Amino acid sequence: MERHSSGPFQMSPGLSSAFLIPYFIAMVVCGIPIFFQEVALGQYLGSGGMTLVGSIAPMFQGVGFGSTLMVSYINIYYCVIVAWTLWYFIQSFVAIPDLPWDTCSGWWNEKSTCYLTTLEEPQVSNETHFFNVSSVEQFWDRRCLQRTDTINDMGNVQWEILGCLMIGWILVYLIIWKGLHNSGKIIWFTALFPYVIIVILLVRAVTLPGADVGMLAFITPKWDLLLTASPWIDGFSQIFFAYCVGMGVLPSLGSYNKFKHNCYRDAVITCIVNTGTSILTGAITFAILGNLAQSQNQTVDEVAAEGPGLLFIVYPSAVLRLPGSPAWSIIFFGMILIIGIDSQFCGVEAFITGMVDFFPAYLRPRRRWFTLISCITFMVLGIPMVTQGGVFLFQLMDSYSASGITILWVIAFQTVIIYWTLGRGMFRKMIGHMLDRKINIFFEICWAYLAPLVMTVIFIFYCATYEPVKYGGFYTYPPWAEAIAWLISLSSMIMIPGYAIYYVIINRHVGSMKEIWKKGTTPVFKARKGALFDPAATQTNCGVNNVTSLPTVESKAELVENDVMTKP
């Protein structure tokens, strides 16, 4: 399942020439191999992301806790994007045959500096020393957000956006309340419909005046920027977030597959289609940016926007230049709304599945009620981000909670622990038996060496060249806000060493550290129905791991069919 986003919030069009090279390196070395690893193990063990690593190496259950905490943070703030998108979708209907951001006469406009995006040149009503701001940007900043000047002033709740947030969560709950397996038709629609719109937008975008300038900027490498950390961390975050790697989503989805399902084929096809979609949407973005740059006599870099600005400034500016702009706006924001809800319910399902797997006796019979309580809790925690100063908090969550070094840390530990704890022989035997085929040797090299090495180098590079995040490139967060952001980031990272220390303490009676380590790295997972296990000790490349044959468990789909998981 594809999460159409990056870093994490670029909504997938966030590709640029500065990190296309890191992006493809991340895809080949980390993205596809780890995607397959997570789906295959979820399918083999019938386990969600929270319990996956802990069932292989109990000492490192903290990896599951960290990934679950990351996906919880994403669930809190990602639906705010859905709320903004739904609000713009509704606004596309209110001023037909025009759009409400195509005016400088609204109560929200600062008329002295406002100019219409549809004009060839910015028009200024008087001479001032202030920067001129387009009507589209003022609509986003002063109408939708009604943004305050600082995070110290959170202002009032935006009731319109709060209403959209509630609608978004209601839709998510209605989709997943019976479990993801029962949402097949909805998933197919939300996955395929956006591609129809993408093709339409691509055809229109590449025919705009100046599109060639934007496309050239898209494919021209900026070699000097590759010597900085930003494109590397952005490229890897884009891959990890778009592929849903390291967040517990993929093992949860894999656990619904039949035991002999060809998840290798699915993994490769899904990743290639995902990347192809990112390239297409990147081409659309830069074609539009080229058109805007030409019409405003600026460069592509000058008109480009990051974060929410890409979605709510660049694209609304573009649709104003199209004939029948309200129809294009409805189509575009309808597509983004579907993508957003698709991504959101996958994240919530990963959280629900992980928690149910961890507390099966209590939560499995009460899955529907737990899903309802979780959705309400996530919605309430997202309310601060729909205040007038909420966008500042949103950016901190987006930048620190589940991207950059946080996700690199969790995925690096997960990859190393899974492969080296099981060992090459056992891992190959498990997955080979399930798929009736040999594992690609390149994947094994990536799991064992390349992926951990590359992620470690980028982690160190990022820490050494770290620069604080700025909102809009101009607002510097106060120290207390930066500190909170780092606490959010570290909260997921600390789970791994923290739980390992806790495990050592509670197992002191076992004996020496060597004996505790042996116990903590001995798999304890239960065999899934159809799985093949050697009840004797299994010799691996890393030493001896005692893999005990335990009672089998069925797939999630089979449990649901037997009415085990969904009893209210």
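The legends below describe several close-up views of a predicted model.

Local features are reported where pLDDT is at least 70 and side-chain atom pairs where pLDDT is 80 or more, while totals for chains, interfaces and linings use all residues. Residues are numbered from 1 along each chain as its sequence is written, and side-chain values use heavy atoms, with hydrogens and water left out.

**View 1. A nonpolar surface patch that draws on helix α18.** Val28, Ile441, Phe442, Ile445, Tyr449 and Leu450 form this patch, and together they present about 510 Å² of accessible area. Accessible areas come from the Shrake-Rupley method with a 1.4 Å probe, and for residues only the protein chains shown count as cover. Patch members have over 30% relative accessible area and no salt bridge; nonpolar side chains (Val, Leu, Ile, Met, Phe, Trp, Tyr) are joined within 5 Å, and like charges within 9 Å. Helix α18 (residues 441-464) supplies the largest share, 5 residues; helices (H or I, at least four residues) and strands (E, at least two) are DSSP runs, numbered from the N terminus. Ile441 belongs to this helix and counts as exposed because its relative accessibility is 54%, where exposed means over 50%, buried under 20% and partly exposed in between (1.4 Å probe, protein chains only).

**View 2. The second largest cavity and its lining.** The model has 7 cavities of 30 Å³ or more, a cavity being a set of points, on a 1 Å grid over the protein atoms alone, where a 1.4 Å probe fits but cannot get out. The second largest cavity has a volume of about 90 Å³, with grid points joined across faces, edges and corners and the volume taken as the space filled by probe spheres set on the points. Its lining, defined by an atom within 4 Å of a point, consists of Leu201, Arg204, Ala205, Leu208, Ile288, Tyr315, Ala318, Val319, Leu322 and Phe332. The elements that give two or more residues to this lining are α6 (184-205) and α12 (308-319). By class, the lining residues divide into 9 nonpolar, no polar and 1 charged, where Ala, Val, Leu, Ile, Met, Phe, Trp, Tyr, Cys and Pro count as nonpolar, Asp, Glu, Lys and Arg as charged, and the others, Gly among them, as polar.

View 3. Side chains of opposite charge can pair when their charged atoms come close. The structure holds 8 salt bridges, each being a side-chain nitrogen of Lys or Arg within 4 Å of a carboxyl oxygen of Asp or Glu. In one of them, Arg142 pairs with Glu110, and the closest N and O atoms are 3.6 Å apart. Because Arg142 lies in helix α4 (residues 135-144) and Glu110 in the loop between α3 (62-94) and β1 (114-115), this pair ties together parts that are 32 residues apart in sequence. Arg265 and Asp266 form another salt bridge, at 3.4 Å from N to O; Arg265 is partly exposed at 42% relative accessibility, and Asp266 is partly exposed at 27%.

**View 4. The enclosed helix α16.** Helix α16 (residues 390-400) is largely enclosed by the rest of the structure, because 9 of its 11 residues are buried. These buried residues are Gly390, Val391, Phe392, Phe394, Gln395, Leu396, Met397, Asp398 and Tyr400.

**View 5. Backbone geometry at Pro97, Gln146 and Cys244.** Most residues other than glycine have a negative phi, and most peptide bonds are trans. The peptide bond from Ile96 to Pro97 is cis, with omega near 15°, and Pro97 sits in the loop between α3 and β1. Gln146, in the loop between α4 and α5 (159-176), has a positive phi near 50° and is partly exposed at 24% relative accessibility. Cys244, although not a glycine, has a positive phi of about 60°; Cys244 lies in the loop between α8 (230-243) and α9 (249-254) and is buried at 1% relative accessibility.

Terms used
1 Å grid on protein atoms, 1.4 Å probe; cavity = no way out; pocket = protein on both sides within 12 Å on 5 of 7 lines; lining within 4 Å.
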